[in-house]
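Subject: Structure handover

Hi,

Here is the structure to look through. Please open it beside this email and follow along.

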Number of protein chains: 2
Amino acid sequence: MTTTDATAEVDGPIRNGVDTATLFATLDAVKQAPEAASFQFRAHNQWVSGTHNRGTIADYFGVGEERSHERTFVFDADHPAVLVGRDNGPTPVEFVLHALAACLTAGLANIAAARKVKLTEVRSTVTGDIDLNGILGLDPEVRNGYEQITVRFTIKGDAPAEKLRELLEQSRARSAVYDVITNGVPVTIEVDTA
Amino acid sequence: MTTTDATAEVDGPIRNGVDTATLFATLDAVKQAPEAASFQFRAHNQWVSGTHNRGTIADYFGVGEERSHERTFVFDADHPAVLVGRDNGPTPVEFVLHALAACLTAGLANIAAARKVKLTEVRSTVTGDIDLNGILGLDPEVRNGYEQITVRFTIKGDAPAEKLRELLEQSRARSAVYDVITNGVPVTIEVDTA
């Protein structure tokens, strides 16, 4: 792990809150054992009433074994009153926008740390335009999902604007959620009614 | 609104916690004014440290005006320690799975109510398989996002199994998140480094 040790000696391994020594060590470890990178993430959901339901995120598989988050995360979802719900949580489609911002931001912090750029501020707003005539079944020409999603970032750090843009572009190029949303993923649905 | 009134008279407008009178009235209203169905949903995000960032969901546009949820929803996202984070929240890709379960479940409850089926239990688990050699940049053959997502539902109610399956199939056919995930959406990214 020459790279890691060299980095640590030159300017310390923690940058942007990222432990770059561990980051590079993890990359080296996966290079040696690529199967460690096979993960399965999971979300569980229980219907409450109407459009209100509750998701839990707790367990996942990775680095060869079953794992648990340090705590169980619980998220309610609902529709607002204007969409015949009770606003007990965000709508499901809003969670998709949150996921995209979170993924691009986490990647940006990691990449900046690896490239020795210190970030001082990262904010973003994601907007998704949707015509509900699709899901309401009122216009067969209208798709169910978002027609367009736009992400607007404000990024500040100790590098020129061009460099900061490069970091964000690299985060986009390696973002799991960006890939899922722009390229799509096959989804299989199974049902047990026993 | 003959349909609505008839439903109300026959067996009451509330079913599965869904106010079916309001549901049908909303459909009628959008039929009369399709532009009311143009919504923009939004998520805001602020970087905290490393892979830890915090999303807020509060404001949206719909039915012709700016609106706010009844409260601001706040969600932390992070990576677990095994992915060089501190596990302050789910990973961004886990929120995508939660969104899918929530959307299919909300739709199921609405559709069951509209078709006069009383649900007694709806549970689901969504799993997403991902090879992190993609986002780690270690294998150009591997995509960044999920390779496959599977949703497993348990549904119980006062209808035959075949009917319950039909309700879920109709929910899938009208799900915004299912459409986003399976068909993809164009995403534009803008950045301000001032």
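Below is what was found, part by part.

**Ground rules**

This is a predicted model, where local features need pLDDT of at least 70, side-chain atom pairs count only at pLDDT 80 or more, and totals for chains, interfaces and linings use all residues. Residues are numbered from 1 along each chain as its sequence is written, chains are lettered from A and ligands numbered from 1 in the order in which they are written, and side-chain values use heavy atoms, with hydrogens and water left out.

**Chain A**

Start with chain A. It has 5 helices and 8 strands. Helices (H or I, at least four residues) and strands (E, at least two) are DSSP runs, numbered from the N terminus. Along the sequence, the order in chain A is α-β-β-α-β-β-β-α-β-β-α-α-β. Its C-alpha atoms fill a box of roughly 60 × 45 × 30 Å, taken along the principal axes.

**Where the chains meet**

Contact here means heavy atoms within 4.5 Å.

The size of an interface is often given as the accessible area lost when the parts come together. Chain B and chain A bury about 11,200 Å² between them. Of that area, 62% is on carbon and sulfur atoms. Buried area is the accessible area (1.4 Å probe) that two parts lose on being put together, summed over both. In chain B, the residues that lose the most area to chain A are B:Phe41, B:Trp47 and B:His98. Together they account for 7% of what that side buries.

Now the polar side of the contact. Between chain B and chain A there are 64 residue pairs in polar contact, both residues at pLDDT 80 or more. A polar contact is a pair of N or O atoms within 3.5 Å; within protein, one must be able to donate a hydrogen and the other to accept it, and residues adjacent in sequence count only if both atoms are side-chain atoms.

**Salt bridges**

The structure holds 18 salt bridges over all chains. The count between chain B and chain A is 4. A salt bridge is a side-chain nitrogen of Lys or Arg within 4 Å of a carboxyl oxygen of Asp or Glu. B:Arg152 forms one with A:Glu190, with the closest N and O atoms 3.1 Å apart. B:Glu190 and A:Arg152 also meet in a salt bridge (3.1 Å, N to O). This pair runs from strand 8 (residues 187–192) of chain B to strand 7 (residues 148–157) of chain A.

**One residue to look at**

Find B:Asp59 in strand 4 (residues 52–62) of chain B. Which residues does B:Asp59 touch, not counting residues up to four places away in sequence? They are B:Arg42, B:His44, B:Arg67 and B:Ser68. The side chain of B:Asp59 makes a polar contact of 2.9 Å with that of B:Arg42. Another, of 2.8 Å, joins the side chains of B:Asp59 and B:His44. B:Asp59 and B:His44 are 15 residues apart in sequence, and their C-alpha atoms are 9.5 Å apart.

**The largest pocket**

The largest pocket holds about 840 Å³ of space. A pocket is an open set of points on a 1 Å grid over the protein atoms alone, where a 1.4 Å probe fits, with protein on both sides within 12 Å along at least five of seven lines; lining residues have an atom within 4 Å of a point. Grid points are joined across faces, edges and corners, and a volume is the space filled by probe spheres set on the points. The lining has 37 residues. Among those nearest the centre are A:Ile135 and B:Asn110. Helix 2 of chain B gives the most to this lining, with 7 residues.
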